[in-house]
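Student: Could we go through this model together? I would like to discuss its side-chain contacts.

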Amino acid sequence: MTLDGEALEQLRKRARAGGADKYHAANAAKGKLFARERVALLVDEGSFVEDGLYANALAEGLPADGVVTGTATIDGRQVCLMANDSTVKAGSWGARTVEKIIRIIERAYATGVPMVYLVDSAGARITDQVELFPGRRGAGKIFWNQVRASGSIPQVCALFGPSAAGGAYIPAFCDVVAMVDGNASMYLGSDRMVEMVTGEKTTLEAMGGAKVHCAESGVGHFLCKTEADALDVVKRYLSYLPANWTQPPPVAEAVPASEKVDLAALVPASERQAFDMRRYVKGLLDEGSFFEIQALWAKELTIGFGRLNGEVVGVVGNNSMFKGGVLFVDSADKATRFVQLCDAFNVPLLFLSDVPGFMVGSAVEKQGIIRHGAKMITAISEATVPKICVVVRKAYGAGLYAMAGPGFEPDATIALPTAKIAVMGAEAAVNAVYANKIAAIEDETERAAFVAAKREEYERDIDIVRLASELVVDAIVEPHELRDEIVRRFAAARGKERHFSKRRHGVTPV
């Protein structure tokens, strides 16, 4: 087949146009952009270099075989990307679709640059299953490459429509997933398949919609109102991370902390009174720099990126506004993954502790709270980036361990004057030790006096000055001193040796 200039231009035009006009119109009616529009909005103007434009060019109705792949820059930094074109057979995968996706992930890994997935796909084309599914370069190779690249390069997904069946694992293997409310969904089996197999009647939105995954399952990380919002999440996420595991995170201009937050006034004297750790974080970090992740899921734990004096840090904080800040199965998983993410990409970790411990009771024991807690403590132990533990108000029981307490090689354990470190709180401790004696005291006044005396005795035993004198904590600082103290200590720890153990890998208690 010989092409002159005009014929080649027509071929390019057809490939770039995507599917039929009716599919473009249907997407526009749902507030969805064309795949190439998404790419243009995300990357620096004029930077996109496309690969595989002519995939399946000889077939009818399969321009670029339904996926756009190539390289570009975002804020001047190189990335690789793929974008499903849902105007072409609903963004489904054929053999060449799969090959293009495999090739671009391999390129990202080989060149050490982030990989961006703009997903909007109905899954595999069943009619092409022999060509795309089982072989060495079949769909499984996509996931194999994602797993190999995990922790080597940042991988971020923006989900604009469905991510169905096996294709749902593309988002699952990414560091974070931004989902557009109302359009994005992830599911292994469609609503029709679920009804056929299990008899359950459901909908795609109820089973795998954006709200479900961002607030209940934890597979989604950011619930976005619009596609532009999701693309902004991708940009902002990448702004906190290096291009790959061998590099430090990018440094920004230092910005003072917000003067609107009084850290001392924010923390109530009473343990029974909750406060919002998210506000505390915002008052500690460079103003406007906190980028919260999974804000709607396991809210008893707050995680996210931020900057201290321009340097990127990862924050893990207990939030007593939700479930008293107690650690549950989901919050343990949330912390585990975030700690591993930060450790992979050289992001120092700041733990802000106000934790009563792990939840107890038959329900959480059946859910495996012990193994989930063990998984979190494993991640804390294995993390070799600089770690600082700040006991803001309390660190009780195994909660101290889960928040990088003294036994877990933190570069510093810092206590505020409000801090308490103990096996359990005073009330629980007195009851545990003296329950029978308390019950035997018939006079209410006498009983109350006995309890008060024992509580005071217990409080003296765990006094923070005593713990500092025993070198349990490295410093006691006032709230207004905390930011500068952390900045100096992270600077001192920047060049630390990061070897952990002689082995290939541990056996995770999943």
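Predicted model: local features only at pLDDT ≥ 70, side-chain atom pairs only at ≥ 80, totals over all residues.

Student: How many salt bridges does the structure hold?

Tutor: There are 27 salt bridges, each defined as a side-chain nitrogen of Lys or Arg within 4 Å of a carboxyl oxygen of Asp or Glu.

Student: Which residue forms a salt bridge with Arg-38?

Tutor: Glu-227 does, with the closest N and O atoms 2.9 Å apart. The pair links distant parts of the chain, with Glu-227 in helix H11 (residues 227-239) and Arg-38 in helix H3 (residues 35-42), 189 residues apart. Helices here are DSSP runs (H or I, at least four residues), numbered from the N terminus.

Student: Is Glu-227 buried or exposed?

Tutor: Glu-227 is buried, at a relative accessible area of 4%, and Arg-38 is buried at 1%. Buried means under 20% relative accessible area, exposed over 50%, and partly exposed in between (1.4 Å probe, protein chains only).

Student: What about Arg-137?

Tutor: Arg-137 forms a salt bridge with Glu-99, the closest N and O atoms being 2.9 Å apart. Glu-99 lies in helix H4 (residues 95-111) and Arg-137 in the loop between helix H5 (129-132) and H6, so this pair ties together parts 38 residues apart in sequence. Glu-106, in helix H4, also forms a salt bridge with Arg-137, at 2.8 Å between the closest N and O atoms.

Student: Which residues do salt bridges with shared partners join into one network?

Tutor: That network consists of Lys-32, Arg-38, Asp-120 and Glu-227.

Student: Turning to the rings, how many aromatic pairs are there?

Tutor: The count is twelve, where rings of Phe, Tyr and Trp (its six-membered ring) pair if their centres lie within 6.5 Å; planes under 30 degrees apart count as stacked, over 60 as edge-to-face and the rest as tilted. Phe-143 and Tyr-169 form an edge-to-face pair, 6.1 Å centre to centre with 70° between the planes. Phe-143 is in helix H6 (residues 140-149) and Tyr-169 in helix H7 (residues 169-172), so the pair ties together parts 26 residues apart in sequence.

Student: Which residues do ring pairs link into a cluster?

Tutor: The cluster contains Phe-222, Tyr-237, Tyr-240, Phe-291, Phe-305 and Phe-338.

Definitions and conventions
Residues numbered from 1 in each chain as written. Heavy atoms only, no water. Helix = DSSP H or I, 4+ residues; strand = E, 2+ residues; numbered from the N terminus.
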